[in-house]
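Please have the sequence and the model open as I speak.

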Amino acid sequence: MSRIVRGKAQPDEVLWNPEEGTIEADKLRGVDAVVHLAGAGVGDHRWSASYKKSILSSRVNGTTTLAEALSGLPDVPAVMASASAVGYYGSRGDEVLTEDSALGAGFLADVCWQWESATAMAASAGIRVVNLRTGVVLSAAGGALKRQIPPFRLGLGARLGRGDQQFSWITRRDAVAAIAFLMERDALSGPFNLTAPHPVPNTEFTQELGRALRRPAKLFVPATAMRIVVGEEMTAEFLLASQRAVPERLLAAGFEFMDATLPGALVTALRDR
């Protein structure tokens with residue numbers, strides 16, 4: 001097993017530079033499967049023009065560089081699992097979103113479309129490509145949940161805006177298990193919603209997280225305040241976006257979730273370190 005890294009690489013690691021489009025392709029020889037999840041954090045910074053460029057280029061350039069390198073190998077890997085996100089669908093209210101749902105509108109939808117399209121060269125070379133349209137991965141070890149825990153523990157848990165926006169989530173252990181499941185089954189390719197079967201409104205998520213931490217969660221953050229702090233676009237497309245994505249293809253393929261409903265999932269996620 002080899003890790004693809006930026007900066008200084010160890011002998012058993014593969015050095016790449018997505019910005020320059022370079023990678024140590026020779027070290028990829030003999031690789032049977034590739035999991036590619038890299039990309040600048042969508043919620044890590046305010047969406048300035050330069051940071052939006054980083055969000056896009058870190059995904060598209062990195063995926064293109066990797067797909068080109070893999071497709072040029074004498075013996076290509078059997079499978080490439082490449083990250084995408086439920087942002088592909090845009091903000092769609094209460095509409096149930098399956099892998100057959102149409103591409104949405106907006107910056108993040110365009111990012112996801114270009115991100116998935118960047119795997120085309122790998123697919124053309126005969127590599128089975130799986131596009132992982134991932135929801136919010138719940139883990140106390142990192143990501144959105146890690147940032148939420150401190151204020152919730154202080155009794156400052158709050159819904160975002162009206163709280164009716166749909167929230168698609170998955171625990172880290174189910175995400176890992178689903179990726180392994182998809183990579184092991186030769187007949188499966190294309191987009192898969194990496195989300196639990198039961199998305200919930202933001203209000204319900206807020207209440208359940210407060211309950212799991214045994215703290216009140218009765219506050220709310222007005223949409224106007226979010227627009228002032230992070231801007232209109234990030235508020236609409238990220239903080240208040242509504243995506244009711246369900247894992248139709250995963251379930252049809254026989255995948256069984258360990259954390260299918262939110263209360264138990266939060267217990268799992270809060271123990272995840």
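This is a predicted model: local features need pLDDT of at least 70, side-chain atom pairs count only at pLDDT 80 or more; totals for chains, interfaces and linings use all residues.

I begin with Met80, which touches Val34, His36, Thr63, Leu66, Leu70, Thr119, Ala122, Ile127, Arg128, Val129 and Val130, leaving aside residues up to four places away in sequence. Contact here means heavy atoms within 4.5 Å. Residues are numbered from 1 along each chain as its sequence is written, and side-chain values use heavy atoms, with hydrogens and water left out.

Met80 belongs to strand S5. Helices (H or I, at least four residues) and strands (E, at least two) are DSSP runs, numbered from the N terminus. Is Met80 buried or exposed? Met80 is buried, because its relative accessibility is 0%. The term buried means under 20% relative accessible area, exposed means over 50%, and partly exposed lies in between, with a 1.4 Å probe and protein chains only.

Thr134 counts as buried, at 18% relative accessibility. Its contacts, not counting residues up to four places away in sequence, are Ser84, Ala85, Val86 and Leu194.

In helix H2, residues 107-117, the buried residues include Phe107, Leu108, Ala109, Val111, Cys112, Trp115 and Glu116. Among the elements that cover them are H1, strand S5 (79-85), helix H3 (120-124), S7 and H8. An α-helix has 3.6 residues a turn, so residues three or four places apart point the same way.

In helix H6, residues 202-212, Asn202, Phe205, Thr206, Glu208, Leu209 and Gly210 are buried. Their cover includes strand S8 (136-138), helix H4 (143-153), strand S9 (158-160), strand S10 (166-167), strand S13 (200-201) and H10. After H6 comes Arg214, with a positive phi near 55 degrees.

Next, the charged side chains. How many salt bridges does the structure hold? There are 13 salt bridges, each defined as a side-chain nitrogen of Lys or Arg within 4 Å of a carboxyl oxygen of Asp or Glu. One of them joins Lys52 and Glu233, at 2.8 Å from N to O. This pair links distant parts of the chain, with Lys52 in helix H1 (residues 49-71) and Glu233 in helix H8 (residues 232-239), 181 residues apart. Glu233 is partly exposed, at 31% relative accessibility.

Another salt bridge pairs Asp26 with Arg29, at 3.8 Å from N to O. Asp26 is exposed, with a relative accessible area of 60%, and Arg29 is exposed at 51%. Glu95 and Arg92 also meet in a salt bridge, at 3.0 Å from N to O, and Glu95 is partly exposed, at 37%.

Finally, Lys146, Arg153, Arg215 and Arg273 form a positive surface patch. Patches are made of residues with over 30% relative accessible area and no salt bridge, with like charges joined within 9 Å and nonpolar side chains (Val, Leu, Ile, Met, Phe, Trp, Tyr) within 5 Å. Arg273 lies in the segment after helix H10 (262-270) and is exposed, with a relative accessible area of 64%.

How values were computed
Accessible areas come from the Shrake-Rupley method with a 1.4 Å probe; for residues, only the protein chains shown count as cover. Lys and Arg count as positive and Asp and Glu as negative; His and the chain ends are not counted. The place of a charge is taken as NZ of Lys, CZ of Arg, CG of Asp or CD of Glu.
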